Structures are given as structure tokens and as C-alpha cells.
Amino acid sequence: MSRSLPRNAATAVAAGLALFVLTEQLSEYDNLQLATMAYYFVAVAGLTVLTGQNGQISLGHGALMGVGAYATVKIQEAVSWPLAVVLLGASLVAAIAGVLAGAAAARLRGPYLAGATLALAVGLPALATRFSGFLGGSNGLVVAPPVPPGWLGATFPLERWQAWIACLAALVVYVLLANLVRSGYGRAFRAVRDDEIAAQLSGYHVARTQVLAFVVSAACAGLAGGLLVVVTSLAAPGAFPLSLSVTLLTGVVLGGSGSLAGAAWGAAALVLVPTWADDASKALSLSSNVEANLALAIYGVVLIAVMLVAPGGIQAAVRRLVAFALRAAQPHARGPSSWAHQEEKPS
Amino acid sequence: MSRFLDLTLNGIANGAIYAAVALSLVLVWRATRILNFAQAGMLMLTTFIAWAVVDSGASYWIGFAVALASGLVLGALVERIVIRRVEGAPALNAVIVTIGLLVLLQALAGMIWGGNPRSFPPAFSIRGYEVGGRAVLFSPFDLFTVLVVAGLMLALTLLFARTSLGLRMRAAAFAPEVSRLLGVRVGDLYTVGWALGSVAASLAGVLVAPSVFVSPNAFDAVLVFGFTAAVIGGLESPLGALVGGLVLGLALSYVSGYGGAELVTLGALGILVAVLMIRPSGLFSRAQARRV
Amino acid sequence: MRSTIRPLAAACVAALAIGAAACGSDNGSSGGGASTSGGKPTASAPGITATQVTVGGHFPLTGPAAPGYSEIPQAIDAYFKYVNAAGGVHGRKLKMIVRDDGYNPTNTVKVTKQLVLQDKIFAMLGGLGTPTHTKVVDFLNASRVPDLFVSSGCLCWDQPKQHPQTFGWQPDYTVEGKILGQWIAKELKGKKVAYFLQNDDFGMDGAKGLDHYIPKDQVVTRQTYEPGNTDIGPQMAKIKASGAEVVAMFTIPAYTALVELAGLKLDYHPQLVVSNVGSDPTTLKGLLKAFSKGKAPSALIDGIQSDAYLPPTSDTSNDWIALFSKIHDTYIPKLPLDGNVEYGMALAYTFVSALQRAGVNPTRTGIVDAIERGGLTGPGLVPFRYGKDSHAGYTGVATSKIEGGETKLTGKPVVTDDGDGAITAYEGAPAKAPANGVPAAG
């Protein structure tokens, strides 16, 4: 069933209201966590479109976030435009990088694409030290955090304002991507993913579709990088290591590849699992070697366990649970309808 | 001229290490079509075990043998216990499992041995050979490294081409269903593939350990370059891994020597992109290049 | 219909999860009034209760930067445990909350906010790293949290006007570079010098100092390395080819060791002059142990020239080292007693001195004033330069040499600044350790 713009917008508005209420309740640090989840969502959603919907695996989106982050800082240094325009600009710069990377990537498949994007993730941050005058070297660049507008009051917490900006951006990205996925472009992505030759025969231009998917995901990563600057006020090569790109990919798969709701789960997991693991390790009094590494060990175990137990990711597991609950809640059906139910069982 | 010689020899020595890591990734890919990101963690673990053996007083060669043996066992265990369950699942799932395993192994090593780097002995002297009255950037230990890796490559090529085990492994990888019908124990051969891959990685680990100092994160760079080398060579053949490793080792040595150490990762990106634009499935691939 | 539920459900569950986590966190009262009674300890500031003082810091406990540096917070904690066992400070126990940032500035921002907003620390202590800590300096100062004794030699912590809460502690890299440079210019006059530098502010600031004293034409080549890339063969070959007889190095210990190994490979044995950061003999011996092969383990590192601002850890006759050894053996016996452990304990000692001075009911402004008053003593070979106009800690070093596998001081302690100021000798006597190891009040 095709979803329309009003429907997606309505979802976004509802979520927006819920988030607004939430930010009022949360402490400043937890608002920071929420803002982090929001920018992770933006990056993971873009990546899930590329990987889940279009079948291209990228290990380089952390570097594209870096492009967006540095662009945000440099634009803010140069001109004093409103933040929304700056973020749009950063997104555009990352999109241009995405065109270049995507054009190269369109010729590559599977592990070769993974290898090329991995090299991108490792090599691109080195530009900051190569051009240290312009890009700040290994120390990176700092900016002033965004100031909440005066009409919100003098004591309006900075972290809540940052959460608002990040969540608003996340909602806008959700609406745009949801529409893209349901549109003709989305069908093109999936057709190319499922069978390139059949797609070509059906008239889809394979390479252009793949580059488009790459550009969309790069633009999202760039915006996420800009939001990272909003939340942390920094752009530095140490903030965009290979592990960030890997983390984004794990967010995609943990949440459920190809689904935007999965991206939300994934983003939440990326922030919450390390936090819970850290709290767990601090609650036990352990030797310092064990305590320092326990959070990481738990994170590794969670990744393995989720993949073994719920291969479709959190979204698929939730959907199964919801379907199971709905079926259990329904009264026993008699006659033909019970047969109909059985045929509808998901495989 | 002598600078060029130094950089070339240095590149060959480094390239042998990358080739060994690339080989381990190729073996696992050929057997089960999975990219094993946990390889860095597995080789780190076996190197730590070897270090513990040598540090307790045993001879270097016992430590060396222990590293290879524990690699064999570790590879088989990982495949049997963890990877078996994701072999049929989408490719991304296996990637995430190996990533989770990597994180877990690094955390466990940190818990057991802590973060302080350990000193690991070289098999032979590290003093460079004398060429024309001056010491070059190539030592007996480097020669040993190159010979051992080349020997391993040769042994594996012979294994695949000449033995029935190799034939069965190739059959299991390319046509698992037909192989099963013909009585080939496909699952066992997957395990063998992982075990052999892990041995190759453990070898790389003990060979590179003297110059990176053993600690949980010391082998991250070797994995990145090993992966890059595997992709350059094409993931299909041991020879591709060797050539990919040497090409990358040489290229990075020249970039570092003539350009500067800060350009090395960009150099790796450049080499990889250059190779993949000409041959999108690596140098030794058999697949057709896709026309864009 | 279900598609509407999904993202909403996701948002709500996420919200509930954060809410659950938030409920677990401390929602204690904010701030504290001015201290009232001078006699009895009360909750006089955030992070201070009648019975406990809580401070915190960000350190790389995991990841590639963890080797060595992860010992520092453990050493701070060990000294605090010792002080607690002796009764604490004005009857309060000291607590150090250590949070791992993995040397990633994004994490540094996150854990710093966690320390300040959630853990409600009284002050940040020893936050480690330049690329990391520079990203939280503005936040700490805006939140008026004392940012004490940053574990980094960046020149940037001494800015009392812009960052009134932030204090440095160790000598900065340019100060060190100047003193080493002067030593090279005097003792190795006319010899060709090569620089081998880490490719960041540590190396660059150090080189700035060296350049103050080493004549330009004496420097035949400058090479850099990237931490994380251990193949320095090409750089070392270039240094050897340049004919340098001296290599001035601003390197971390792993790379000092790698330079030694490359020297072995190339049969090249120049005089090494190494920054204090990379010359700890215990660490170097550990890294080079497997290469000594029958010879004394110190053979590879003897002769290295360096500098020191704390007594050498091998000097067991020194009362500070006796104190630190005792604490080490009791609380952190598994760690080697190396430069990092000494650093952590000395830094903790400085903090406790300042805290004692801040009175029975310290406040955040109180401890900043206590430090700015100057005159804090400790194990340092040179004095601190804390004052109203200076937030720099140690501003000098004494030249040293590694002999018999141990650091031996070779020169008198000298002090300087990171500009064009001259290098002047420090004539004062070193402070003695207090009998019970805890700094006296006031």
C-alpha cells in the first residue's frame, strides 16, 4: 500500500509532539543522549536506505559524517547564516562527496565495495592532518554551541535546545526518506538490489540508481555530521575513526536493515547499549582492567546474540512480537477465516 | 638509488605481512563467503598466547608453534560455535557477528592482559644485511618473514590444486548442494577453511608482533591493510593475496618514503581505488567487469 | 496503520528507556550555598558532602591510546585510597570517578557532561589529552567547574583570562623543547641534528622550543610519524642518510623504542635526545625486553638524554619515591612503578594539597583561589608557577640521562617560559615529603 506525504507527515508530527514532551522531562545529560540518538538516526536511516533498500554495503559513512561536520564548522567560520542553512550546506557538501564516491562505488560489488569504503573511512580523516592549516590538524576545530533564542528564556538549558534541533532534523529526514522509499525511486532501489539484470531489462538505469542511493545516504551522513557539531561543538579527525563507520553499519543491522523504524531502533541501541553496559560495569566493583573493558565485552556479546537470536534485527523481532500478541488477543475464529489466518502467517 | 632499494625491501617485508592477513581473509571468503572482521582479534589472541608461552621461559619456536596451533583450534571453534548459525543468513548478519566477535576478543584480551604493550621476540636478528658497505632496511628476520609467507602461499596453492581435500573444499565453496549429494561433508570443510585461515592470520601475528608490540589494539592497522590487500588481489586466490600484499606494501613504502608518513592511509585509498577502477573485482578476479 | 505505530513505538520505547536510565541517576540538589560554619564539614559545594569529595576525569582506558595512559587514573585513585586510609581531608573521603573516552573527542564531550551533570563532580581532575580536552574546556569554564591539572603539555591551559577554571600541571612541550635545545646547542655544538616528531601539537610545540636554541643550519632533517602507523623505517633511513649524529625526539615510548629498533636494523647509533614523555626507562625496558637477547636489558637504552621534573622512580633514597613505592605496593602492585604511575600520584598529591588549603568547607571558587595563591609544594624538582596571572604548573625541568637502565639527573633544574624568555636556574631546595604522606592543611 502506498503511503502518502500527509500520512508520513502526520507520523512525524505525532512523534515530534511525543519528543517535545519527552525533552521537557529529561535531565540535561539525558537530553544530550537523545540528541545523540537523533543524529545517529539521521546517519543510520540514510545508510539503511543504501544498504537495506539498495543492497550496497558501505563501511565509509563515518568519513562522510566527518565531511559534513567539517563543512559545518568551516561554513560557520566564514559566514553567519542561520543554522538550518548551514546544515543544508553541510549536507550538500557531503552529497557532492557522495557523488564522487558513489560513481566509483557503482562499479563495485559486495566485499570489494566494503573494502573500498573501508579505505575511504581510514584515509579521509588524514586530510585533516595533511591540510592542518585549513582543517585544524589532529586537534581539529571548535565552534561555539548554538545559543537558544532569547524568547525561550534566559535559563533554557542548552542541551534541550540541542535535542530540539537534532530531533527536528531527524523528523524531517524521516518524512523525506519515508516518501523516497515509497516512491518510484525506492522501487528502483529495491529492483536493482534484488536483481540487477532484471532491473536493467525493465528499464532501470542501474548505475544511476546506485549513485542516487549513495548520494542520498551521503547527504544524510553529512547532515548527521553537522548535527554532531551542534551537539558536541567540535570537528576533529579523532571523532571519525573507522569504528564510527562500523558502528553505523551495526546500527543498521541491529535495528533491521532497510526499515526506517529499524533505523530508529538501531540509533537507540547504539546509544543505550553502551550506556547500560557502562552502568553495569560501574555497579560491580571489579579490578580496573576488567571494569574498563566490560562495557565493550557486553557490547560485543549483544551484537552476536541479536544476530543469532533475531536475524531480522529489532524491528523484525518487534513485528513478530506484535503479530503474536495480536493473534493471541483475537478470539478463536471459526470456518474459512481461520484458514485465511493460517495462510497469512509470515514466513 | 640506495633510498629506492631501502624502500623496496622495506615494502616487500611489510607486504609479506599484509599478504598473510589477506590470505586468511581469502581462505575464509572462499570457504564460506564471509568477510571475517574478527580476524584481527583472533590473531591478536593467538599472539598473546604465544607471548605468554615465550615469556614464561619456553623457546621462541615453541611459542611459534603454539601460536599456529591455537590459531587452528580457534578458527575451527569460531566457525563451529558462532559462524555456523549465520552461514545461511544475509551476508550483513555474518559481518555484524564478526564485528561483535572482534570487539569481544579485544575486550577479553584487555581484561586478561591489560593495555600495556608487551615485547615479542623476533625469530632471527633484526640487523639489516650489508649491501655495498651499508646496512639496508632488510634483515634476516624480514627474509624469514617473506620466505615463510611465500611458503605458506605455495603450500595452500598446492593444497587446492593437487589434493583431494583441496578439491573438496573448492567443491563445497562453489557448489555446496551438489557436493553434499556426492558425499562431501560440506560443514566440515567450512570448518577446515576457517581453521586454515586462522593459521595464516596467526602466522602474520607472530611475524608482525615484534614491531607493533602486543596489545589489544596493536593489530588494527594490520587488519585494515590486510583487508585492502585482499581486495586488491581479488578475494578468490592465494596468489592474489600474495600479489595484493606485495603491491600494497611496496606502494605504501614509497608513499611514506617519498611523500611522508601522514600520506600513508590516503595512499592506501588511492591504490585501492586505482586498482578497482580498472578491475572491479581485484587483480586476479575471474568475474567480468561491470560496464557503467 | 501499523506503519504509523512503528516509528512512534520506537520513539516511545526509546523514551521510556531513557526515562528509566534517568530515574537511576542522581537527582540531588543543585549547587551549595557559601560555607557556613568554619569548623564542621558540610555540603559546601556540588560534589562535596559532609563525608565525601567527588572528582572525576576523562582518560583513554581502552583503545589504541590506552597503553601507559590508563595507569594514570589508577595511580590517582591509589593515592586517594591512601589518603582515605589516613583519615581523608578534613574528615572527608576522596572519590575519583574515571570515565573512558577512548581518546575520541566526541566521547570526551559526552563523558565530561556526564561527570558534571550526572555524577555532579566537584572538579575535573587530570583530564587527559590535547585533542580531547580542548573540546571540553569551554563547557567546564562556562559551567564554572574547576578544571584542575590537565594531563597534557599543551600550551593552551595557561589562559587565566579566557579559561579561569583551567590549570595546567606538567611542563609544556615548548618549555621542554627549549631546555633540551639549549643542552644540545651547548653539549653537542656543531653536530648535525635531526628532529623526529609526533605529527601533532606534541611534536610541533616541542620543535618550536628546540628551534629557539638549535641553530637552523644545524638541523639537517625533520621527520614526523603518525601514531598508529608503526612502519618508521622510511623515516629513519632518511635520518641516517642525512648524516645526523643527534636525533632530537618528541615521541611517545612506543616510538622511542621503534627508533631504537630501527637504529639496530640500520646499524645507526646517533645520540638520542628524547622528551620526558617518551623516555621512561621502565616502559622502554619493557618494550625492548625481547630484543636484548642475553645482554643486559638496559644496554639498548643507556645513553639516552632526556629531562625530568619529578624524581627518578629508581631513586629509592628519595623520600617521595619511598612514599609512592609504599602506596604502589599496597594498592596497585600489578602495575609497574613507572613514569605514568609517578605522574598520577604526584598530580593527586597536588590536588590534595590544594583541597587542604581550601579549608574545612571548600567551594569551587575556594579551590581555584587556593591554587592561585601559589606556593603549593610537592615532589617536583621545580616549583609550580600558579598565580593570579598564571595557570601554568611546572615550568621547567632538569636534564637527565639513562644510565644502567635508570634515569640519572645530569643538570640543575632550570625554568623558562614558552616564549622568548631566558632559561634560568632554580636554586631552591626540593620539598620534603610529609611524614605521613598526606599534605598538611593550610
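This report describes selected features of a predicted model, from its strands and cores to single residues.

## Basis of the model

Residues are numbered from 1 along each chain as its sequence is written, while chains are lettered from A and ligands numbered from 1 in the order in which they are written. For this predicted model, local features need pLDDT of at least 70, side-chain atom pairs count only at pLDDT 80 or more, and totals for chains, interfaces and linings use all residues; side-chain values use heavy atoms, with hydrogens and water left out.

## The open sheet of chain C

In chain C, 4 strands form an open sheet with parallel pairing, in the order β2-β1-β3-β4. Strands are DSSP runs of E with at least two residues, helices are DSSP runs of H or I with at least four, and both are numbered from the N terminus; two strands pair if DSSP finds at least two bridges between them. The edges are taken by β2 (93-100) and β4 of chain C, each with a single partner strand, so one side of each has no neighbour in the sheet. Strand β3 (residues 123-125) of chain C runs parallel to β4(C) and is joined to β4(C) by 2 bridges. Opposite Met124(C) stands Asp147(C), in β4(C).

Helix α3 (residues 105-118) of chain C packs on this sheet and touches β1, β2 and β3 of chain C, its direction making about 175° with that of β1(C). Helix α2 (residues 71-85) of chain C lies across β1 (52-59), β2 and β3 of chain C, and runs at about 165° to β2(C). Such angles run from 0 to 180 degrees between N-to-C directions, with axes as lines fitted to C-alpha atoms, for helices over the stretch in contact.

Ser152(C) is placed in the loop between β4 (147-148) and α6 (173-187) of chain C. Is this residue, Ser152(C), buried or exposed? Ser152(C) counts as buried because its relative accessibility is 3%; buried means under 20% relative accessible area, exposed over 50% and partly exposed in between, with a 1.4 Å probe and protein chains only. A polar atom of the Ser152(C) side chain lies 3.0 Å from the backbone nitrogen of Cys154(C). The side chains of Ser152(C) and Trp157(C) make a polar contact at 3.1 Å. A polar contact is a pair of N or O atoms within 3.5 Å; within protein, one must be able to donate a hydrogen and the other to accept it, and residues adjacent in sequence count only if both atoms are side-chain atoms. Apart from neighbours within four places in sequence, the contacts of Ser152(C) (heavy atoms within 4.5 Å) are Gly129(C), Thr130(C), Trp157(C), Gln170(C), Tyr173(C) and Tyr343(C).

Over all chains, the structure holds 1 disulfide, a term for a pair of cysteine sulfur atoms within 2.5 Å. Cys154(C) and Cys156(C) are joined by a disulfide with an S to S distance of 2.0 Å. The link of Cys154(C) and Cys156(C) is right-handed, with 125° about the S-S bond, and both cysteines are buried. In contrast, Cys220(A) is in no disulfide, and the nearest cysteine sulfur, that of Cys167(A), is 16 Å away. Cys220(A) is buried, at 7% relative accessibility, and Cys167(A) is buried, at 7% relative accessibility.

## Nonpolar cores

A nonpolar core is a set of buried Ala, Val, Leu, Ile, Met, Phe, Trp, Tyr and Cys residues joined through side-chain atoms within 4.5 Å. The largest such core has 240 residues, and Met65(A), Leu177(A) and Phe227(B) have the most contacts inside it. Helix α2 (residues 28-53) of chain A gives this core its largest share, 16 residues. Among the residues that Phe227(B) touches, not counting those up to four places away in sequence, are Leu59(A), Pro111(A), Leu118(A) and Phe37(B). A second, separate core of 64 residues includes Ala75(C), Tyr82(C), Phe149(C) and Val414(C).

## Loop residues

Most residues other than glycine have a negative phi. Arg33(B), although not a glycine, has a positive phi of about 55°; Arg33(B) is in the loop between α1 (2-32) and α2 (39-55) of chain B and is partly exposed, with a relative accessible area of 38%. Tyr103(C), also not a glycine, has a positive phi of about 60°. Tyr103(C) is found in the loop between β2 and α3 of chain C and counts as partly exposed at 28% relative accessibility.
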